[in-house]
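Please open the structure in your viewer and keep the selection tool at hand. We will take a short walk together, one stop at a time.

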Amino acid sequence: MSKRLGLLLAVALALTMIAPASAQEPVTFIWGSYGDPVQLYAAVVTDGVSFNVVNQGCEALLAFDGSTTNVIPSLATELTANEDATVWTAKLREGVTFQDGTPFNADAVVFNFEAWRFTDNPYHWEANFFEYYDNMFGGFDDASLITSVEAVDDYTVQFNLSDSYAAMPNTLAMPMFQINSPTAIQEHGDLYGTPEVGYVCTGPYRFVEWIPDDHVTMDLWDGYWGEVEGNIERIIYQVIPDNAARFAAIQAGAIHFMENASPEEQAIIESDPNLYMMLRPSLNVLYLAFNYRIEQFRDPLVREAISLAINRQAYADTFFVSAEVANTYTPPMLWGYNPDVPMPEYDPDRAVELLAEAGYPDGFSEVDVLALNEDGTCCTDEVEETIPLTLYWQPVTRPYNPDGEGLGQAEAADLAAVGLEVQLDNGGDWASFLDLGRRGQLLGLYNLGWTGDSGDPDNFSGYFFSQCNQATQGYFDFPEVCGLLTRAKTLTTIEEREPLYQQADALLAEYNGRLAIAHGQVPLVIRSNVTGWVPNPLGTELVRFVSIE
Amino acid sequence: MARYIIRRTLETLPVLFGASVLVFLIVHLIPGGPESVLLGERVSEENVRQLRERLGLDRPLPEQYLIYMSNVLQGDLGNSIAGNVPIINELRQRFPATVELTICALAIAVGVGVPLGVVSAVRRGSWIDTGTMIGAMVGISMPIFWLGLLLLWIFGVQLNLLPFIGRLSPNVVIETRTGLHTVDAILSGNWSALGDAIIHLILPAITLSTVPIALIARITRSAMLEVLHMDYVRTARAKGLHERVVIREHALRNALLPVVTVIGLSLGGLLSGAVLTETIFSWPGMGRWLFNSIQGRDYPIVQSITLIVTFLFVGVNLVVDLSYAWLNPRIRYE
């Protein structure tokens with residue numbers, strides 16, 4: 001038997017040597033991806049893998065510059081606003097065509113925006129949800145912040161808004177608002193973006209093939225308007241879902257690049273001359289949230305005690321390859337960050353004192369759940385039930401939380417040390433965790449986080465706390481912060497807006513409404529023969545700048 | 001026989017119906033929905049309401065079920081919720097990947113497991129028997145992910161001898177006819193691609209075959225031990241037949257019935273996909289697809305795969321039952 005197997009292996013290996021007499025293989029960059037794209041029409045997706053793919057072949061009106069969140073021209077050469085930021089005018093780049101030969105012009109831009117906005121548009125398909133449009137522009141149809149998009153001439157587009165919107169340049173640079181070929185969308189209908197069709201855009205790499213859960217292939221397109229600085233002729237996104245297998249693949253040279261190395265792998269990378277590591281600047285936050293239906297958490301002394309009991313620095317050192325302890329919701333790399341907010345302390349002794357002051361000299365292991373008002377808002381004074389104190393850990397890996405279970409256990413141990421005995425729970429799985437969170441049913445403490453999409457603080461603290469009089473997750477409502485953030489949205493200059501975001505973050509930190517823990521940097525592992533990689537906090541990293549030596 | 005086959009085939013209909021109702025209920029009753037996964041951290045009540053309405057999830061469950069089943073009966077498995085991808089298209093790619101891996105793994109399992117079981121039984125009490133049974137115990141007990149990663153590390157990384165990602169190397173292209181890369185490579189005369197497809201199969205197929213090898217070896221051994229003491233085996237020996245002929249023609253053939261049952265069950269199980277093996281070796285098969293779809297609450301995919309797997313299981317069982325008559329002509333179907 002072993003002889004037969006040996007023979008089979010030998011024959012198979014020999015067969016692989018029979019290379020067809022074909023032309024030289026293209027310079028191929030293999031990206032080891034942790035997952036499969038969901039769709040390749042950026043307007044209808046929200047996952048990072050899909051964006052990693054489409055970013056190589058599609059472009060928005062503006063782009064993010066290198067390793068920053070600053071915007072630079074892309075398909076638009078210029079974007080200007082009127083005085084109150086309610087009318088934005090984009091001058092489009094001339095001489096650009098889509099990969100199918102369709103000319104890029106104002107009509108193409110109008111076509112894309114109208115398909116996203118109008119729910120009765122024939123290209124606003126029932127089967128897809130244009131979530132980011134809804135999210136960034138406040139809704140569809142008449143609810144949309146954009147009231148009209150007009151083609152002023154062939155290469156000028158005017159966006160008319162119902163309200164001031166200072167974050168417009170950053171929003172228009174987001175991959176979700178990449179301009180796709182109207183011809184391709186009309187031709188393929190709701191199959192556009194699926195494995196059979198892929199994307200048709202204006203970028204340097206055109207779609208070739210997508211074998212689901214296996215790979216996506218893109219080839220260099222010779223009709224690209226811009227400059228391709230690297231030497232990559234083909235990009236293959238190879239799906240390798242298992243973390244250990246993906247790391248083994250880069251060690252073996254089977255892939256050139258991967259995201260999310262673990263702290264244990266860091267030492268191996270440092271000792272392997274074939275690999276090097278870069279860090280993606282952090283644009284995220286990990287936090288510990290309170291559910292305000294729990295009577296004990298409505299007491300500022302208890303919240304402060306919990307803040308003092310958790311050892312943020314230890315979490316940052318243990319569970320991340322690289323992370324900094326968070327003093328505010330907003331990460332330091334984003335304008336609007338407030339460096340004057342003091343770093344949270346780790347002081348378990350003081351935590352015990354505060355708990356005693358709050359009436360819990362021995363801590364507690366059970367909490368009281370308050371009854372909701374009739375309209376579903378929080379809360380009456382009536383205690384509905386008493387339940388065990390529970391800490392919900394995230395049952396999923398995120399850039400802001402690489403080890404949800406480990407973090408939960410560490411927090412539980414720290415809390416136990418000050419007399420707070422928590423039960424650990426993961427809510428079931430990610431879907432049910434999110435569902436419980438949305439319905440206010442994570443009755444206890446829970447970890448969650450956020451990764452920014454646009455590089456504007458309105459998409460950070462603004463996203464969570466600027467819906468006034470509407471309690472967000474965990475029934476948390478902070479009108480004073482909301483007022484600041486809402487006002488910041490309407491101002492047009494960074495100089496005017498920045499103090500408001502800083503003030504909002506200072507208030508959030510003082511109130512201990514949600515406890516910011518850390519801002520994690522995503523470790524990127526790269527083969528040594530690869531040059532030109534530019535990590536971007538938003539993850540818009542472009543292979544057109546990369547070379548393989 | 002024909003009547004039996006028709007009857008068994010008709011019997012599959014209530015099984016399929018029952019399975020479809022059960023799975024439909026289970027996937028809809030577990031907490032969380034596709035809208036939670038799709039919206040992620042930015043989930044809000046209004047977003048959820050809009051998305052549920054758009055996906056038709058706001059309708060009563062019986063109505064959703066009827067819509068789904070009427071589409072299935074018309075040959076339309078629907079589209080995935082997450083990417084709006086036609087399920088039938090993805091199935092065309094995933095199912096051959098699973099079939100190819102299953103056939104390879106099962107061929108290894110039968111090729112190794114049956115001879116081991118026979119030798120163990122014939123040499124009962126010897127070191128071969130003891131070694132085989134210990135090996136079988138280890139094979140059943142060993143975590144698949146551990147074995148897979150170990151093989152990957154040794155043969156893929158340290159020795160750099162075998163590939164361990166996906167079904168083909170980058171830039172290797174095979175004209176798709178059946179979806180089975182080995183078959184397609186042969187049909188198109190692409191020998192280098194054939195070799196590439198085979199060496200990609202080796203590590204995942206070996207990993208996947210360990211449990212079936214152990215099961216088959218143990219069942220073969222116990223079945224052989226039973227028949228080796230039968231009168232007809234003694235008679236065959238008394239007639240002066242060569243021991244090899246006695247074992248192969250008289251003992252093994254009669255011992256095969258339970259072995260075939262185990263092979264059939266293993267085949268059915270393997271065809272529904274092997275999540276761990278597929279994940280470790282980045283194999284784009286049915287198991288990982290089902291697993292990811294359950295996590296993402298992609299109801300149409302979960303329901304479609306379950307229906308197909310149920311159908312396969314029933315089909316494999318039927319084939320196994322029919323093979324009994326071939327193995328033992330005394331069995332008759334009424």
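Here is the tour, which starts with a whole chain and ends at single residues. Keep in mind along the way that this is a predicted model.

**Stop one: chain A.** Select chain A, and you will have 16 helices and 22 strands on screen. Its radius of gyration is 25 Å, close to the 24 Å that the globule rule gives for 549 residues, so chain A is as compact as a globular protein of that length. Along the principal axes, its C-alpha atoms fill a box of roughly 80 × 75 × 40 Å. Of the 549 residues in this chain, 52% are buried.

**Stop two: where the chains touch.** Now show chain B as well. The contact draws on 55 residues from chain A and 54 residues from chain B. On the chain A side, elements that each supply at least two residues include helix H1 (2-17), strand S10 (234-239) and strand S19 (445-451). That side of chain A divides into 31 nonpolar, 12 polar and 12 charged residues.

**Stop three: a cis bond.** Select A:Cys378 and A:Cys379: the peptide bond between them is cis, with omega near -5°. A:Cys379 sits in the loop between strand S15 (366-370) and strand S16 (383-388) of chain A.

**Stop four: two positive phi angles.** Go to A:Tyr475, in the loop between helix H14 (461-465) and helix H15 (479-490) of chain A. Though not a glycine, A:Tyr475 has a positive phi of about 60°. Is A:Tyr475 buried or exposed? A:Tyr475 counts as buried, with 20 C-beta neighbours inside 10 Å.

Finish on chain B with B:Arg297, in the loop between helix H13 (286-295) and helix H14 (299-327). Phi of B:Arg297 is positive too, near 55°, and B:Arg297 is buried, with 27 other C-beta atoms within 10 Å.

Notes
Residues are numbered from 1 along each chain as its sequence is written. Chains are lettered from A and ligands numbered from 1 in the order in which they are written. This is a predicted model: local features need pLDDT of at least 70, side-chain atom pairs count only at pLDDT 80 or more; totals for chains, interfaces and linings use all residues. Two residues are in contact if their C-beta atoms, placed from the backbone, lie within 7 Å. Helices (H or I, at least four residues) and strands (E, at least two) are DSSP runs, numbered from the N terminus. Ala, Val, Leu, Ile, Met, Phe, Trp, Tyr, Cys and Pro count as nonpolar, Asp, Glu, Lys and Arg as charged, and the others, Gly among them, as polar. The radius of gyration is taken over C-alpha atoms; the globule rule is 2.2 Å times the number of residues to the power 0.38. A residue is buried if 20 or more other C-beta atoms lie within 10 Å of its own, exposed if 12 or fewer, and partly exposed in between; C-beta atoms are placed from the backbone.
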